[in-house]
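Here's a quick briefing to read alongside the model. Have the structure open and follow along by topic.

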Amino acid sequence: KLPYAEPYRIKMVEPIFPSTQEQRSEWIKSAGYNLFNLRSEQVFVDLLTDSGTGAMSDLQWAALMRGDESYAGSRSFHELKDTVERITGFAHLLPTHQGRAAENVLFSVLVKEGDRVPGNSHFDTTKGHIEFRKATAVDCTVDQAFDTSSPHPFKGNLSLEKLRKEFTSTPKEQIPFCLITITCNTSGGQPVSLENIRQVSALCKEFSIPLFFDAARFAENAYFIQQREEGQKERSIKEICREMFSYGDGMTMSSKKDGLVNIGGFIALRDKALYDKASTLVIVYEGFVTYGGMSGRDMAALAVGLDEATEHGYLHSRISQVEYLGERLLKSGVPLQNPIGGHAVFIDALKFLPHVPREQFPAQTLALELYREAGIRGVEIGAILADRDPLTRENRYPQTEFVRLAIPRRTYTNNHMDYVAQAVENVFARRDEITKGYRIIEEAPIMRHFTVQLSPV
Ligand code: F0G
């Protein structure tokens, strides 16, 4: 047997910059202890996000040169539309400038004040767009997702019991749709099984409630189905994708993830009438319906990216790299969301830093320690991100408090993963000395984590 190796080689490189602990301590202080405020040159390995940070292929760069910039009816739009239909089965496409713009357009059509939108741990912009419309995002994720040590293979699954309860206790007119996020970012890049999608779809049909996907990492979800679900081993990723999407009415997409491009998004729909309604809002907010905020060249590169992202070889290499980092950390005893997710390693900060009180933001504290230790930028997925309750204005403390180390696609080598692992292990070795966290000195009323200013306690 031969070891696995990436199914690509590197044609272009970009320098990144090492720094000293003294420099980083200065920089992070000036940044108000908010990692979003750093300049990229102040970061050595940037694991803030896997969104828009991946490397494009030679074929994508070639497609970029052939993009058709016609205002209406661009050839590149039609290439993209055909590709999306082939992969998802959804015939009606509306490009947008990124995923949250797709949410804005679709939810403007479907969500009204007082509504409730059930799903599996909605992503923060998704929840933001729901709450902004004075509606409620209802989390119906299975309980195992919140126990980081339980090795459930599909921790993104929705609990059918919770969903049925929601469907029976809320008037149907107040549930515009159910949303399945594949993979579920908030719970740790955890997949949803095909069986669960099938069952959720059947339940939605029983109550005549439409079903949509937040499909930012749909290809990674399909890979986990292929690897972990009974009877799926022999099927291709593209076959699995077609079946996944066959159970829903449409999708919002952030192309910056499994589209393998740096910017872009779209809405894809089965129903022409809904497409017509959404089209008007795309024109108002984004642009004409055949470009919706994207350039022709970006649509051309995305069409190629969607095909590359749904190939087994690419996905195997991508997800194996995330697993490589995660497995090494697990061996060192570092508490992680287990199993390792598709796009990131999620460190369980409540277990890693048990002495830091929750009001002092343990996950943010750990993310800042990692930056100071080695110039690694992760992100807090905890109480700062969870914002205040829109009604009571009290801090919301989610069940889990994570530091997410998101791995950009095709960007770093396993040497970088070893560097990151060593840094985490160094901080883990001195975890008992870390007893104090941070307090908020300034925050925005919504999505505060991007701009929050902190000070050490
Ligand atoms: N849905 C999910 C599941 C996401 O993870 C994101 C973005 C979006 C929607 C919004 O898409 O950024 O293109 O507007 N997630 C990024 C992240 C920002 O770092 O996880 P967008």
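In what order do the three strands of the open sheet come? The order is β9-β12-β11, and the pairing is antiparallel. Keep in mind that this is a predicted model. As for the whole chain, its secondary structure comes to 16 helices and 14 strands. The radius of gyration is 21 Å, close to the 23 Å that the globule rule gives for 457 residues, so the chain is as compact as a globular protein of that length.

**Overall dimensions**

- The C-alpha trace spans about 60 × 55 × 45 Å along its principal axes.
- Buried residues account for 50% of the 457 residues in the chain.
- Take the contacts between residues at least 6 apart in sequence: 70% of them join residues at least 24 apart.

- β9 is joined to β12 (residues 402-406) by five bridges, and the two run antiparallel.

**A buried strand**

- Strand β2 (residues 92-96) has five of its five residues buried, so it is largely enclosed by the rest of the structure.
- His92, Leu94 and Thr96 point one way from β2, while Leu93 and Pro95 point the other way, and all are buried.
- Five bridges tie β2 to strand β8 (residues 265-269), with the two running antiparallel.

- Two packed helices are described by the angle between their axes and the distance between the axes.
- For α4 (residues 99-110) and α5 (residues 124-132), the axes come within 10 Å and cross at roughly 30°. α4 and α5 are therefore roughly parallel to each other.
- On the α4 side, Arg100, Glu103, Asn104 and Phe107 make the contact, and on the α5 side Thr125, Thr126, His129 and Ile130 do.
- The α4 and α5 crossing is right-handed.
- The axes of α14 (residues 362-374) and α16 (residues 414-429) also come within 10 Å, with a crossing angle of roughly 115°. The crossing of α14 and α16 is right-handed too.
- Here Glu369, Leu370, Glu373 and Ala374 of α14 meet Tyr419, Ala423, Val424, Asn426 and Val427 of α16.
- How many of the ten residues of helix α1 (residues 21-30) are buried? The count is one, and the helix is hardly covered.
- Just after α1 comes Gly32, with a positive phi of about 65°.

- Gly188 is in the loop between β5 (178-181) and α7 (194-206).
- Is Gly188 buried or exposed? Gly188 has 28 other C-beta atoms within 10 Å, and 20 or more is the cut-off for buried, so Gly188 is buried.
- Apart from neighbours within four places in sequence, Gly188 is in contact with Lys155, Gln337, Gly341, Phe346 and Phe402.
- Thr148 lies 40 residues from Gly188 along the chain, and their C-alpha atoms are separated by 9.3 Å.

- Most residues other than glycine have a negative phi, and most peptide bonds are trans.
- The peptide bond from Ile182 to Thr183 is cis, with omega near -20°. Thr183 belongs to the loop between β5 and α7.
- Asn338 and Pro339 are joined by a cis peptide bond as well, with omega at about 0°. Pro339 is in the loop between α12 (312-331) and β9.
- Ser121 is not a glycine, yet has a positive phi of about 35°. Ser121 is in the loop between β3 (116-119) and α5, and is buried with 25 other C-beta atoms within 10 Å.
- Asp387, also not a glycine, has a positive phi of about 65°. The loop between α15 (383-386) and β12 holds Asp387, which counts as buried with 21 C-beta neighbours inside 10 Å.

Conventions. Residues numbered from 1 in each chain as written. Predicted model: local features only at pLDDT ≥ 70, side-chain atom pairs only at ≥ 80, totals over all residues. Buried ≥ 20, exposed ≤ 12 C-beta atoms within 10 Å, placed from the backbone. Helix = DSSP H or I, 4+ residues; strand = E, 2+ residues; numbered from the N terminus. Pairing = 2+ DSSP bridges. Rg over C-alpha atoms; globule rule 2.2 N^0.38 Å. Contact = placed C-beta atoms within 7 Å. Axes fitted to C-alpha atoms, helices over the stretch in contact; angles between N-to-C directions. Parallel < 35°, antiparallel > 145°, perpendicular 65-115°, else oblique. Left-handed = near helix turned anticlockwise from the far one by under 90°.
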